[in-house]
Amino acid sequence: MLRFDSDYMAGAHQEILDALVRTNRELTAGYGNDPYTAEAKALIRKACDAPEAEVMFLVGGTQTNATAIDGILAHHEGVLAAESGHIAVHESGAIEASGHKVLTLPHTFGKVSKEDVAKYIEEFYTDETYQHMVAPGMLYISQPTEYGTLYTLNELEGLSEVCHRHNIPLYIDGARMGYGLKGEGADFTLRDIARLADVFYIGGTKCGTLFGEALVVCNRSLLKHLFPLVKQHGALLAKGRLLGIQFGELFRNGLYERIAEHAVRLAIRLREAMREAGYEVVIESPTNQQFFRLKNSVIDFLRNDMSFDYWGPRGEEYSVVRLVTSWATTEEEVAEACRLIASTKA
């Protein structure tokens, strides 16, 4: 079975797994107080050109979002996000469970506009009853978005400017940041992200590690007591060096970029195979997530040999599906998938 369901189905990239095995019997201090974690933090600061940033490793994406958002917001504040945003749809109410409302904005293929962000904030404070309502305390975006789309550098700069003009932080969910950095036509860098965002995270779980995310706090005034905050949210790993070792491998010799480039290249091959077979590309995604509208009969045929997700409910005759590649996707798997897709061409 060819698996294109998600990008965190396999274990860990071999280079990371080798490093974990090689260091397995070493005895180090816990909770990230080890030389591997210190090195990984230094490598990430260097990659981001953010020498003063605080870097903290957490166990997963939901924990990272919940911890950062809860720590940044005051009790009466909520977080602005796209209606399709991960925290608004696919985190089981984790943000609301911490006592903060997700304030949703309209989106275009997952992206919010600086105009809509500014409009929400400005209209909120012109309402005479605003003190009775949940205040917009920060903006959350994903790069890439849930639709695999990317904010351009100009769009990121616009959002950052609006947020800072209105005195709210910009937080970027980077669960798939690597695939965004290597996406077709991507015009931003990690340095740009660190320059424009107050807080963001670099995803490992979906980009080659067994688990773990790297939270980068550029505006350190926002999360002054990060260590206990992470522990309160159940996101602190006692064997912290396991995270340090993995992120050290990702950032020491360009593995993070190599993983992402590989996955994006193979995803584009799948997209072109679908297009050549005459199928509709629903979203022009430049990253490792690709979306297609297919006849249900074609979906049923392909799913005899391939697994992938529906993107929304199954329709009466046509449905939208998502195919995702990762570091673990092979050239051979994609070649076979392309052959199967071509065989369905009318």
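This briefing walks through the strands, helices, salt bridges and surface of the structure above.

The model is predicted, so to speak of a local feature takes a pLDDT of at least 70, side-chain atom pairs count only at pLDDT 80 or more, and totals for chains, interfaces and linings use all residues. Residues are numbered from 1 along each chain as its sequence is written, and side-chain values use heavy atoms, with hydrogens and water left out. Helices (H or I, at least four residues) and strands (E, at least two) are DSSP runs, numbered from the N terminus. Buried means under 20% relative accessible area, exposed over 50%, and partly exposed in between (1.4 Å probe, protein chains only).

**Enclosed strands and their partners**

- Let's start with strand β2 (residues 54-58): five of its five residues are buried, so β2 is largely enclosed by the rest of the structure.
- Both faces of β2 are covered, with E54, M56 and L58 buried on one side and V55 and F57 buried on the other.
- In a regular strand, side chains alternate between the two faces of the sheet.
- β2 runs antiparallel to strand β8 (residues 213-217), and five bridges join them; two strands count as paired if DSSP finds at least two bridges between them.
- Within that pairing, E54 has V217 of β8 as its bridge partner.
- Strand β5 (135-142) is likewise largely enclosed by the rest of the structure, because eight of its eight residues are buried.
- β5 runs parallel to strand β3 (residues 77-82), joined by four bridges, and E77 stands opposite A135 of β5.
- Four bridges also join β5 to β6, again in parallel, and S142 has D173 of β6 as its bridge partner.

**An open antiparallel sheet**

- Four strands, in the order β9-β10-β13-β12, form an open sheet with antiparallel pairing.
- Its edge strands are β9 (280-283) and β12 (309-310), each of which pairs on one side only.
- Strand β10 (residues 289-295) and strand β13 (residues 318-324) share seven bridges in the antiparallel sense, and F292 faces V321 of β13 across the pairing.

**Helix α7 and its surroundings**

- Helix α7 (residues 153-165) has 13 residues and spans 18 Å from its first C-alpha to its last, close to the 18 Å expected at 1.5 Å a residue; the expected span is 1.5 Å times one less than the number of residues.
- The buried residues of α7 are L153, L156, G158, L159, S160, V162 and C163.
- Their cover includes α6 (114-126), β5 (135-142), β6 (170-173) and α9 (190-196), where contact means heavy atoms within 4.5 Å.
- Just after α7, N167 adopts a positive phi of about 65°.

**Salt bridges**

- The whole structure holds 24 salt bridges, each defined as a side-chain nitrogen of Lys or Arg within 4 Å of a carboxyl oxygen of Asp or Glu.
- R22 bridges to E249, with the closest N and O atoms 3.8 Å apart.
- R22 lies in helix α1 and E249 in helix α11 (residues 241-252), so this pair ties together parts that are 227 residues apart in sequence.
- R22 is exposed at 58% relative accessibility, while E249 is buried at 15%.
- R195 and D192 form a salt bridge with closest N and O atoms 3.0 Å apart; both lie in helix α9, three residues apart, about one turn of the helix.
- R195 is partly exposed at 48% relative accessibility, whereas D192 is buried at 12%.
- E284 and R275 form another bridge, with closest N and O atoms 2.3 Å apart, and R275 is partly exposed at 34% relative accessibility.
- A network of salt bridges links E184, R271, E272, R275 and E284.

**Q63 in helix α3**

- Q63 sits in helix α3 (residues 61-72) and is partly exposed, at 28% relative accessibility.
- Leaving aside neighbours within four places in sequence, Q63 is in contact with L58 and A235.
- Q63 and E91 are 28 residues apart in sequence, and their C-alpha atoms are 9.6 Å apart in space.
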